[in-house]
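User: I am new to this protein and would like to go through it step by step. Please show me the sequence and the model, and then take my questions in turn.

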Amino acid sequence: MFKKNKKIKVIIDGMNCIHCVNKIKNTLEGDESIKKVSINLNKKEAIITGNDNMDKKLIKNKIESLDYKVVSIEKK
């Protein structure tokens with residue numbers, strides 16, 4: 001039986017350019033529980049797809065360790 005992927009939406013403050021997007025994307029995609037990261041710079045949001053082991057607190061900590069602010073995290 002196939003496992004359904006989970007999706008979350010993360011609103012991130014402080015992203016200003018494509019370099020910010022790439023830095024966040026590369027950091028998050030390095031986690032084995034995360035399958036895909038799509039970031040919309042204009043909306044300041046990331047849609048993150050992962051498995052059941054995806055940890056919202058870990059995602060928040062990884063983003064904030066890069067000096068960005070996580071405004072909210074919600075199920076997509």
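User: Where in the chain is Asp55 found?

Analyst: This is a predicted model, in which local features need pLDDT of at least 70 and side-chain atom pairs count only at pLDDT 80 or more, while totals for chains, interfaces and linings use all residues. Residues are numbered from 1 along each chain as its sequence is written, and side-chain values use heavy atoms, with hydrogens and water left out. Helices (H or I, at least four residues) and strands (E, at least two) are DSSP runs numbered from the N terminus. In these terms, the place of Asp55 is the loop between E3 and H2.

User: Is Asp55 buried, partly exposed or exposed?

Analyst: A residue counts as buried under 20% relative accessible area, as exposed over 50%, and as partly exposed in between, using a 1.4 Å probe and protein chains only. Asp55 has a relative accessibility of 38%, and therefore it counts as partly exposed.

User: How far apart in space are Asp55 and Lys4?

Analyst: In sequence, the two residues are separated by 51 residues. From C-alpha to C-alpha, the distance in space between Asp55 and Lys4 is 16 Å.

User: In what order do the elements of the chain run?

Analyst: The chain holds two helices and four strands. Read from the N terminus on, their order is β-α-β-β-α-β.

User: Which radius of gyration does the chain have, and what would a compact globule have?

Analyst: The radius is taken over C-alpha atoms, and the globule rule is 2.2 Å times the number of residues to the power 0.38. Along the principal axes, the C-alpha atoms fill a box of roughly 40 × 20 × 20 Å. For 76 residues, a compact globule would be near 11 Å, which agrees with the chain's radius of gyration of 12 Å.

User: What part of the 76 residues is buried, and what is the relative accessibility of Ile63?

Analyst: Buried residues make up 34% of the 76 residues in the chain. Ile63 lies in helix H2, which covers residues 56-64. Ile63 counts as buried because its relative accessibility is 0%.

User: How many salt bridges does the search find, and which residue does Lys9 pair with?

Analyst: A salt bridge here is a side-chain nitrogen of Lys or Arg within 4 Å of a carboxyl oxygen of Asp or Glu, and a search of the whole structure finds three. In one of them, the closest N and O atoms of Lys9 and its partner are 3.6 Å apart. The pair links distant parts of the chain, 65 residues apart, with Lys9 in strand E1 (residues 6-13) and its partner in strand E4. The partner of Lys9 is Glu74.

User: Which residue meets Asp31 in a salt bridge?

Analyst: The N to O distance of this pair is 3.5 Å. Asp31 sits in the loop between helix H1 (18-29) and E2, while its partner is in helix H2, so the pair ties together parts that are 31 residues apart in sequence.

User: Why are Lys60 and Glu64 separated by about one helical turn, and what is the N to O distance of their salt bridge?

Analyst: Lys60 and Glu64 are about one helical turn apart because they are four residues apart in helix H2. Lys60 is partly exposed with a relative accessible area of 30%, and Glu64 is also partly exposed, at 25%. Their side chains meet in a salt bridge with an N to O distance of 3.2 Å.

User: What is the phi of Asp67?

Analyst: Most residues other than glycine have a negative phi. Asp67, in the loop between H2 and strand E4 (69-75), is exposed at 72% relative accessibility. Although Asp67 is not a glycine, its phi is positive, at about 75°.

User: What is the phi of Lys44, and where does Lys44 lie?

Analyst: Lys44 counts as partly exposed, because its relative accessibility is 27%. Lys44 is not a glycine, yet its phi is positive, at about 60°. The place of Lys44 is the loop between E2 and E3.
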